[in-house]
Amino acid sequence: MSRPAARTFDRSIVEGPIGRAVWMLAWPTMLQNVIGGVQGLVDHAMVGHFVGYAGNAAIGVSWQIYLVVQVFIGSLFTGMGVLVARFAGRNEPDTVNRVVYQAFLTAGILCVGILAPLGYFLAPSLLNLVNAAPAVQAEALPYIRTMFIFNFGTMVFFMLGGALRSAGDARTPLRLGIWMTALNVAISVVLIRGLGPIPAFGTTGAAMGTVIAAGIITVAAVRFLLSGRWVIHIHRGLDWKPDPAVIRQLFRFGLPTGIQGVAMNIGGVILLRFVGSLSNSAEAQAAYSVGYTQLFSLVTWTSVGIMGATAAFAGQNLGAGKPERSVRGVRVASGIGVAVAVGVGVLFLTVPGLLLGVFGMEDPAVAAVGAELLAFLSVSGLFVTVALAHNGALQGTGDTRGAMYISLVSQLALPIAVCWLLQETVGLEAWHVWLAILLGHMTRCALGVIRFRRGHWRGIEVGIG
């Protein structure tokens, strides 16, 4: 029996007006990230009100640690995105399907066989590493263990979103994201505070809501993937065995991104350690968790969406032999991001107390540190959005090593050096850590623009035999 024909690639990405094509990829991804971020806001707000700021700090610390490991496996999806965008640009659907299946297979083995057991047993040591206060550790341990053990659904959700976006379909991941967020919020509201016979799980309930919602959506998404209704289709005609040629290319382009992601998150963990060494560590960790990991997401949600759009646009146009369209697309995407960052920055400067109050952060000491952090982040946002637009273009065209080098310098070496130097000389204060974050973002932006303009990415060849 013949398999159903999958949808064809949208050729307007490589042939139509550039502004329209970039916006077509960017707005669903930006909106998806904003809607997806709602679940984090709801979790933090409810935990802040029902558990206290120790619960907020626990979620922030747990995610910082969890992401260090998650991004390594997630790096396979960047390698997948490079291959999918390039072969979609060449209009080779069978090769695209082959790449996505191999990425799914490899990620499954790594998630279940490595990440889950290691994450469970190493969680206490990882929490000690960041100097989490005892009250924070008590809330964080069951949260992070839940995330590690049941991580596969979340991973598959991000993998499918990246694959579809790289193939030119940014609206399907948006629909999946809306459903997952709705489920997550509904489940978390019940599990955090309890309802009827269901007990209140507090901070752990937030993790349970995340993994249950991701599991439900993953089952539904896999059914669509097998049905042939999407632009990507896993079908019986594929070779079901591991394909070393494809897997090598996944790691070739993905491993530098994994190192980049691990370096960035290790940098975040070390910054948390510096924050944990302050005299007001619990208050500063709570401000960091809400201000940097949640409120700053108003910038990063859209900026990461723009990064995904530039990766797909630049990769497809390079695959189609049109690198100048890639360059012009990055300029358009950067302009969109800066406009959003300016608006968010104004909010950070004018109503910080209102924003922090949403998360129950009404303690005067916590609110003061949080407002100080938001002032620094109001400037950081401008640099982050331009940096991520160029980072996406570098990754999408295959220059993942360039993006890695930039992150090692700007997100790991520089902020840590600044904090260490100030700690050893004048004594570390919270605003010194916020300054280190800002300097890192400024450096990442400058290096990303320089690397992209040099054009090494134009000559990168992609092939899987």
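Reader: Which kind of pair do Trp-63 and Tyr-66 make?

Author: Their ring centres are 5.3 Å apart and the planes sit at 85°, so this pair is edge-to-face. This is a predicted model, in which local features need pLDDT of at least 70 and side-chain atom pairs count only at pLDDT 80 or more, while totals for chains, interfaces and linings use all residues. Residues are numbered from 1 along each chain as its sequence is written, and side-chain values use heavy atoms, with hydrogens and water left out.

Reader: Good to know. Where do Trp-63 and Tyr-66 sit in the helices?

Author: Both are in helix H3 (residues 53-89), 3 residues apart, which puts about one helical turn between them. Helices here are DSSP runs (H or I, at least four residues), and strands are too (E, at least two), numbered from the N terminus.

Reader: Is Tyr-66 buried or exposed?

Author: Tyr-66 is buried, at 1% relative accessible area, whereas Trp-63 is partly exposed at 26%. Buried means under 20%, exposed over 50% and partly exposed in between (1.4 Å probe, protein chains only).

Reader: Which residues form an aromatic cluster?

Author: Tyr-288, Tyr-292, Phe-296 and Trp-434 form one.

Reader: Switching topic: what does Thr-218 touch outside its sequence neighbours?

Author: Setting aside neighbours within four places in sequence, Thr-218 is in contact (heavy atoms within 4.5 Å) with Gly-153, Val-156 and Phe-157. Thr-218 belongs to helix H8 (residues 203-227) and is buried, with a relative accessible area of 9%.

Reader: And the whole chain, how many helices and strands?

Author: The protein chain has 16 helices and 0 strands. Its radius of gyration, taken over C-alpha atoms, is 21 Å, close to the 23 Å from the globule rule (2.2 Å times the number of residues to the power 0.38) for 465 residues, so the chain is as compact as a globular protein of that length.

Reader: What share of the residues is buried?

Author: 59% of the 465 residues count as buried. Also, among contacts between residues at least 6 apart in sequence, 84% join residues at least 24 apart.

Reader: Last one: what box do the C-alpha atoms fill?

Author: Roughly 65 × 55 × 35 Å, taken along the principal axes.

Notes:
Phe/Tyr/Trp six-rings, centres within 6.5 Å; stacked < 30°, edge-to-face > 60°.
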